[in-house]
Amino acid sequence: MGIANTPAATDFPSLHTRYGIADERTNNAHFLQGQSIPSAFHKPEQLFSAACCGFPGPARNDGEARSGHRVPAQTSNRDTPHFPLSVTGLLLGGMNLFKPPAFAHGDRLEAAGHVVRLAINPRARRVSLRIDRTRREVIATAPTARRLAEAATFARDRADWIAQQMAGLPTATPVCPGLTVSLFGQAFELVTATGRARLDAEAGQILAPDDAAYGDRVLRLIKVHSQRRFLHLTGAYCEKLSTAVPRVSVVDPKARWGSCSPARPGVGPSIRYSWRLALAPFEVADYVAAHECAHLIEANHGPRFWALVSRTFGDPAPHRDWLRHNGTALHAFGR
Ligand SMILES: [Zn+2]
């Protein structure tokens, strides 16, 4: 997706009356598409012969992959019932009408030591592989349930590609004492201390007891700090826009940096921010606040909306760019 000062409305998905900043990394997810495969490929016996040629399938160990993840039994000669000759008319093009698909939406299997999730997307035209960089997982998509087996084979066939893509993800950053994190541009040192866990903004420290809950306590403090700062930023932009301050909350969405629900009859306005924006440069979080507050006035991404962003904040392009290129790293924190 290109970066423009006045992106088209279709640049951002919207959900009913809620508008927000989509995590554009999801649109950049690494993607691999399968070839159009002749229908004969779906024949169970051909699938089995593929498994014999270097596509290790789970069918031979009763549905258990080596990783321990449950894997549904794959179609194979052994699984295929042998019908008497009089019943062969019920087989259409090598496909048994009575046999349910071997895989289901949401099933997981293993390829290159990584979990691959199978998904059905009726709008897809062929099988494909995608890396969800936020969830750090591989998704094999097929247009129909019957073609999930093809997607599974495709994933196993592309094990090298999966390994390469997963190796390129940012390293997960566990929260532990000694780490220094930047919150809204201010450095905080994570230290251990007895007593109540606390964030000391003046000292630039986050303190918590040295126990098993250390990471959870620190993350909770960062979320509270993030909500406080976003409430402040939101108030400032609402003042510029001469509009009422909405309810502000922080959440941890996978695919959005912020979302806004403008006021409607009986319900006040509200804005939700990803707390992970605290880890971005201050200007990036500031831009997202300006963006969401502009939605309180203009619940769309039209020219008047971008004019409001430009008037209250300035040029959004560098900050959208930053999120597009660095957003994945924000999601690696605390994992
Ligand atoms: Zn928006």
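Student: In this predicted model, which residue in S6 is the bridge partner of Glu110?

Tutor: The partner of Glu110 is Val115.

Student: What makes strand S5 and strand S6 a pair?

Tutor: At least two bridges between two strands are needed. S5 (residues 108–111) and S6 (residues 114–120) have 4 bridges, in the antiparallel sense, so they count as paired. They form a hairpin with 2 residues between them, and Ala112 in the turn has a positive phi of about 55°.

Student: Why are strand S9 and strand S11 said to stand at the edges?

Tutor: The open sheet has 4 strands in the order S9-S10-S12-S11, with mixed pairing. S9 (180–183) and S11 (198–200) each have a single partner strand, so one side of each is left without a neighbour in the sheet. From one strand to the next, the twist averages 30°.

Student: How do you know that S9 pairs with strand S10?

Tutor: The cut-off is at least two bridges. S9 and S10 (residues 186–192) run antiparallel and are joined by 4 bridges, so they pair. In S10, Gln186 is the bridge partner of Leu183.

Student: What residues meet where H5 packs on H6?

Tutor: Ala290, His291, Ala294 and Ile297 in H5 meet Phe305, Leu308, Val309 and Thr312 in H6. By class, this contact has 6 nonpolar, 2 polar and no charged residues.

Notes
Residues numbered from 1 in each chain as written. Predicted model: local features only at pLDDT ≥ 70, side-chain atom pairs only at ≥ 80, totals over all residues. Axes fitted to C-alpha atoms, helices over the stretch in contact; angles between N-to-C directions. Contact = placed C-beta atoms within 7 Å. Nonpolar A, V, L, I, M, F, W, Y, C, P; charged D, E, K, R; others polar.
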